[in-house]
Amino acid sequence: MTHHPSRRSVLLGGAAAAAGLTVLGAPALAAPSRRLADPFTLGLASGDPSPDGFVLWTRLATEPLALDGRGGMPDRAVPVLWQVATDERFRHVVRSGVEIARPESAHSVHVEVAGLRPDAEYFYRFRVQGHLTETGRTRTAPAPGTMGAPLTMCFASCSHFGAGYFTAYRRLAEDDPGLVLHLGDYQYEYAARANEVREIVGPETRTLADYRLRHAQYKTDADLQLAHRVAPWLVVWDDHETENNWADEVPEQPDPAFLDRRAAAFQAYYENMPLRRTARPRGIDMRLYRRIGWGALANFHMLDTRQYRDDQACGDGTRVGCEERLDPTRTITGVEQEQWLADGLRRSRARWDVLGQQVFFAQRDLRVGPAEGFSMDGWDGYKANRDRVAGLLGQTRNAVVLTGDVHRHWAGEVLETWDRPDSRRVATELVATSVTSGGDGDDSDNAAVLAENPHLKFYSNRRGYVRTRFSASEMRADFRTLAAVRTPDAPATTAATFVVADRQPELHRV
């Protein structure tokens, strides 16, 4: 009989269940030259599931807040045992091996597991010397062409360590998702600022050591570690993983050292995320856009809207009458990524095509009155590129755009022609608020801006995340909010729920 552990046993009992077991089926390891203190202070994670496998990740750090970014680790390679089992107690180990954690990669480990059953739950762990991680839970994607069971997928963005507690990650984990998407601003580059509720260690991130330290501090958070343990993640960055509002090779402010900073940020991002080797950076370049299939139910097209974009039009910010944004040659995706997306959408036979990306996609007039004001950092600043992609979305069976960045919940519909409010709807857009960025927020309703944009149906200025459930017949989205993040352990409530029916790209509030 298949063992189905309770959610509580996975989240709270993994380490205790594993601690007393002999690790079976493992290669013999050479005796260490010096015994390490506990190296698993940063937790573990899985990501990028395929029908036969996934990526497993950990990074060794005995002193995670060491200012040199090395995590207190010795300047030598360390063998790391990994195991994958079909049960939480690891009685049935189906894959195991040893990966080498090397100092030049910040002692991070990326294991690409293959040869497993599709649409199946697995458990995994790592060991170094006598130290054992907690148990992680992950899963493979359904086989191509198979619909499988409905998928609960949660997505989040914008988690500033100093701005509050990561309670939203814990509440997300408690929703028992099968997949988690993080849409950017996983960490922030800023040094400590006044009135923050948690202290940021280290200066503003510019060097590889800085970025490694910053990622390590975030990964020490118990709520974030929990969210990584319960499900595989698909991650993409936005701006703050490198620097605020950067655009390709253009920094926010003139900086002759920006490309070195970008290379350092990319290297540290790869070292700290459950990504495949195809994402390994090469200098200032890193291929992060990719497509993850979930059987016949969904294709997740994960976009990178920072690395290939033109500089923001009209000096960035919110602008009225900016003609530059209408230039048909302006791009937020770059030509190659746009073509990749077009090809994937045209070939897709999935019930739902989902764009996991960073910045506001639908038109959003932020000025009340006859003058229109648009954010130059979002797709409004790249109108022609946005409208071409919207046209492609209109050719799919069902398209959903997932967005982060703006620290607010929004829900909206994507129109074929923006100057006609009665234009055909071609997709829906779900925008996740921040995990902490912006602090607690308030209950303002932003009614004036919603009135300017009748295709936008919902707004909330509370922190949280979005919980979705995809099935063959509908997509359901619950906008989860917390009353406070400046104090820990707030409960989550559902501020609004919308349903999108198959072949009907309209939001219905329930």
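Here is a short chat about a few spots in this predicted model.

Colleague: What should I know before reading the numbers?
Modeller: It's a predicted model, where local features need pLDDT of at least 70, side-chain atom pairs count only at pLDDT 80 or more, and totals for chains, interfaces and linings use all residues. Residues are numbered from 1 along each chain as its sequence is written, and side-chain values use heavy atoms, with hydrogens and water left out.

Colleague: Is aspartate 48 buried or exposed?
Modeller: Aspartate 48 sits in strand β1 (residues 44–50); strands are DSSP runs of E, at least two residues, and helices runs of H or I, at least four, numbered from the N terminus. Its phi is near 45 degrees, a positive value in a residue other than glycine. Buried means under 20% relative accessible area, exposed over 50%, partly exposed in between (1.4 Å probe, protein chains only). Aspartate 48 has 3% relative accessibility, so it counts as buried.

Colleague: And aspartate 489, buried or exposed?
Modeller: Aspartate 489 has a positive phi too, about 70 degrees, although it's not a glycine. Its place is the loop between β22 (474–482) and β23 (492–501). With 52% relative accessibility, aspartate 489 counts as exposed.

Colleague: Which side chain of opposite charge is nearest to aspartate 316?
Modeller: Aspartate 316 lies in the loop between β13 (298–302) and β14 (318–320). Lys and Arg count as positive and Asp and Glu as negative, with His and the chain ends not counted. A salt bridge needs a side-chain nitrogen of Lys or Arg within 4 Å of a carboxyl oxygen of Asp or Glu. Aspartate 316 is buried yet has no such bridge, and the nearest side chain of opposite charge, 6.4 Å away, belongs to arginine 309.

Colleague: Which residues does glutamate 104 touch, not counting those up to four places away in sequence?
Modeller: Glutamate 104 is in the loop between β4 (93–101) and β5 (108–113), and it counts as exposed because its relative accessibility is 53%. Contact means heavy atoms within 4.5 Å. On that basis, glutamate 104 touches Arg212, Gln267 and Glu271.

Colleague: Which are the buried residues of helix α7?
Modeller: Helix α7 covers residues 383–393. Among the elements covering its buried residues are α6 (335–347), β15 (352–356) and β17 (399–403). In an α-helix there are 3.6 residues a turn, so residues three or four places apart point the same way. The buried ones in α7 are Ala384, Asn385, Arg386, Val389, Ala390, Leu392 and Leu393.
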